[in-house]
Amino acid sequence: MTAVENPTPQQESNTYRPSPAQRFAPFVTAAVVPFILGATTGDMNFWWKALITVVVLAVVARLAWKWTPRGELTHREDMRLWRTPSDRSWAAATTFGLLVLPFILASDFTPPMDFPWATWFAVVNLVLIFAMGAAAFNLLVGYSGQISLAHVAFLALGSIVGGIVGVQWSGGNMWLALPAAAVAGAVVGAISGLPALRLKHLYLLLATFGFHFVMMLVWREYLQEYFGFVGIRFKGENSPRIASWLHWLPGIDPDQNGEFVITGQFRWYWVLMPITVLSILFMVNVVRTREGRAFAAVRDRDVSASLLGINVARSKLFAFALSSAIVSMSGVLASFYIGSRGEDSFNVQTVLNYAIIIVVGGFSSIQGAIFGSAFFWFLPEWFKWAREELWFVRDIDFLSDYPSEIDLAIKGFLVVIILMFKPDGLAGLWRDFKNWLGRSLARNKP
Amino acid sequence: MNSGGLDLRIEDLTVVYGGVTALDSVNITVPSGGFVTVLGANGAGKTTLVRSITSLLYLHKGRVRRGSIELGGKSILGRKSPQIVEDGVAQVPEGRKLFPNLTVKENLLCGAASRKDISGIDESLEQNLELFPQLRPLLNQTAGLLSGGEQQMVAVGRALMSQPALLICDELSLGLAPKIVHRLFELLTEINETRGTSILVIEQNASLALQHAADAYVLELGKVLIEGTADDLRGNPMVQELYLGGGGEAHTSYAAIERPGSRPDAHGQKPPVSES
Amino acid sequence: MLLAFGNFTADPSVNLQLLIGGLALGAIYAVVALGFVLVYKSTDVLNLAHGEFLMLGAYFALTFLISENLNFFLGVFVLLLVMLVFGLLVHYGIMRRMVGQGFFAIVLITLGIATIIRALLLIFYGPTERARLDLLPQGSFEIGGATVRHVDIIIFAVVAACVLLFFLFFKYTRLGLHMRAVADDIEAAAAMGIDPDKVYAMTWAAAMVMAGVGGLLFGHVTGAIDRSIEAIGLRAFPAAVVGGLTSLGGSIVGGLVVGVIEQFANGHLGTKWREPVAFSVMFVVLLVRPTGLWGRKDLERV
């Protein structure tokens, strides 16, 4: 390239390359500081903690912004997950935020107006589980265009595998159930994807919906055969625990009986967060590979894709298998986290809930599932709080008489409004916000 | 019902799809009772022109950014497509676009959708069958099963059912045998002369279109490149080179031809990546 | 997993009763399937909210015919009129903006509409269940040891009449022709001066009216009127698909076939097999003949 052979000062400043140490420094900072804060600031005032958090967030983001390669990128740099300064800043800040969040939520802070701090930790954990499942669902229907309504069937499959492997065989070994569910999900998912080789759109949707009902039958039969109507109990003696040979790990100190049971929101967070983040990163990465680009090609026009040498059948089945494997894993996590699964744990409303999540979050954006599921779980909580505490809402009897119905109506209206006016959902809004922020920051630069 | 045509006046028309400009300050005039052809290669903006006149851009997420379209001195921009058909614009869409599951007769009747005088419809149907006698035995056939030439006849007949003051034909010659295209153009000339209907023909097949039309425009990357009478254009070396196959002084390549004010974004910008 | 396959019976009167029950159920499925077909045929939208539309119809029937105690024919007229207005509302308020959007986005928006209707009905009618309607003749008679209810025969007659009416409408009226044209090719139809907007509005109105009829009929045979009756929308899917989603007559045939199969599965295998068997039948039909028994085959252009 001519610019490299004959660099002018202008171009030199444009092609900036950070050293490897600089590249990773913001992320290392973001990962380490929360634990230092968590260990050292035990009885500090909440507001001090919040202030420190904000400052560190800003510093980490600023460093990531500063130490991003700029100018003409090599192919390798271009293919990086976090490519632009703003991507890297947000990634570093998110890393920090995710790690510092449990410490903040676990503190005994009481916000003004009785904001329900304690219950929000549970909501955060639910958001993590749902985000994982919804992201996988979105990978299939949004990104790969293989319309399926069978995802709740795979949540049920996750519960079945969790019941067989995690409860009946090993008495609470979730760690064994997770990979087993992934394998079972992939196999059954590929089978459930077989109709996709022949059917499209509406007909595929109906076929997968048929699969949903078949799976529901299997679930009910399984329950009645081994557990009866009470359902499977995943808590108590069946709670997952950390094996004794791992007790040396920092932050793990066993109970009196020498066990470390995963119970309580704080411990669960440290199980759920890494699994969710890793699986979402994994999916985002799959989408960037050759295989992932094939998904999009098949979605847009499968005949043309096959002319390009893409093995359409393989690509479709792979999308089904991958998505189903991850949904099944989230099914295992949900079973163990919620603690029990019964006959009516899965129904058509659950299918709708996931649809609501991916629409609100942003159709065809894998990350959008996080926004969607956060919104889905926080909206009722916030609304509940508003009904009890906000003076201008509290006095409206109508709202307190029909809380869950109004939640449902709001969700319905949101789905309709978002699809009508902002089809990329919250993820689209977030992207707009980032672009706006990037532009206004750039404008202030000399 | 109405005999004679209306004039179409397009001024400064600019159309965008998302961020992509498809038509850029286009001025085209079809005089009352005139026969005008618009030539252009693929992607020149011909179909966009038709969609703007017939107000179908919304189905393709396009919109008119500026300009005016007047039919008989009355602005038709912003009117809905059914109203525009009522105003007297009928079209033969690109690729014929028959209703494949309807019979030929039903297809023809659909062309009369905008007509208020129910009694006149049968008369128009009869007129059409006189124009295309081949269609008479096919009336109850499903349109999707006809041959290309027959389909095109149905498409022209369907457009004529609304007794238009302006008939727009988009790519009449697409995928048809030269003989049939020739015949269709003769029919258009006949309609133009006997009924006085204004005709706007959008074509890639320049030689045939220039034979029949009075005025012609060449559209290139969304702009009017050349305009004049059909005879002028036939003599124009650039038109000969690009559309009539050789003759004139040889331009070595398509790109070597200097285009007045060609679009900067045709080369400078990356094409937008399609997302969904 | 032991499945009870044991109680097959050769007793003809039991099987006859199952057959008659299946036909009655099938008639209801046909009503619902006809609603799906109407919308799918002309707007290419799979309306997942049709069960909710039907629930709306049943509750309105409750209001106008029981609470307000209107004369039967006046009440039905008001019911259908209100449903028609709701249909126009669905189109002009929501679906109109969705023309040209992706298939799944439109499916999801109908799910959104379904959610709204369900929530609003719960708010305005409360969760308590109401007694089913009893305006149509309640008697029954016997054939060969099996009971046939009058209501079922009325339902079947009404569905057949509706299908015939719609068939004539599509075949012989101008608006019907225009609706078929829009279904074939919306852009060409618009270019011919047919207003797709108007046609779609009519379609939604017709579907809503059909749901009103369905709600009124279903309200007579359901156990009780409560929030669970929307499930009929989902359960009628196999019927709509087996008949072919683009065929009016197919909805009757599909409804009867699926109704009978479901009733036999119910009687011989047990209640839990009802839905899986119906959906399996649908699944097989989809694989063998995706457009259903009578559906139109669309060619795909590449």
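Two residues count as in contact here if their C-beta atoms, placed from the backbone, lie within 7 Å. Keep in mind that this is a predicted model.

**Exercise 1.** Decide how H8(A) and H10(A) are arranged: roughly parallel or roughly antiparallel?

*Solution.* First get the geometry: the axes of H8 (residues 151-169) and H10 (residues 201-226) of chain A come within 8 Å and cross at roughly 25°. Angles under 35 degrees count as roughly parallel, so H8(A) is roughly parallel to H10(A). As for the hand, the crossing is left-handed. Now pick out who meets whom: the H8(A) residues include A:Val152, A:Ala156 and A:Ile160, and among their partners in H10(A) are A:Phe211, A:Met215 and A:Trp219. Tally up the residues of this contact and you find 11 nonpolar, two polar and no charged.

**Exercise 2.** Find out which strand S6(B) is joined to, and whether its residues are buried or exposed.

*Solution.* Follow the bridges: four of them join S6(B) to S7 (residues 166-170) of chain B, and the two strands run parallel. In this pairing, B:Val89 stands opposite B:Leu166. Then check each face of S6 (residues 89-92): B:Val89 and B:Gln91 on one side are buried, and so are B:Ala90 and B:Val92 on the other. Both faces are covered, then.

Methods: Residues are numbered from 1 along each chain as its sequence is written. Chains are lettered from A and ligands numbered from 1 in the order in which they are written. This is a predicted model: local features need pLDDT of at least 70, side-chain atom pairs count only at pLDDT 80 or more; totals for chains, interfaces and linings use all residues. Axes are lines fitted to C-alpha atoms, for helices over the stretch in contact, and angles run from 0 to 180 degrees between N-to-C directions. Helices (H or I, at least four residues) and strands (E, at least two) are DSSP runs, numbered from the N terminus. Angles under 35 degrees count as roughly parallel, over 145 as roughly antiparallel, 65 to 115 as roughly perpendicular and the rest as oblique. A crossing is left-handed if the near helix is turned anticlockwise from the far one by less than a right angle, and right-handed if clockwise. Ala, Val, Leu, Ile, Met, Phe, Trp, Tyr, Cys and Pro count as nonpolar, Asp, Glu, Lys and Arg as charged, and the others, Gly among them, as polar. A residue is buried if 20 or more other C-beta atoms lie within 10 Å of its own, exposed if 12 or fewer, and partly exposed in between; C-beta atoms are placed from the backbone. Two strands pair if DSSP finds at least two bridges between them.
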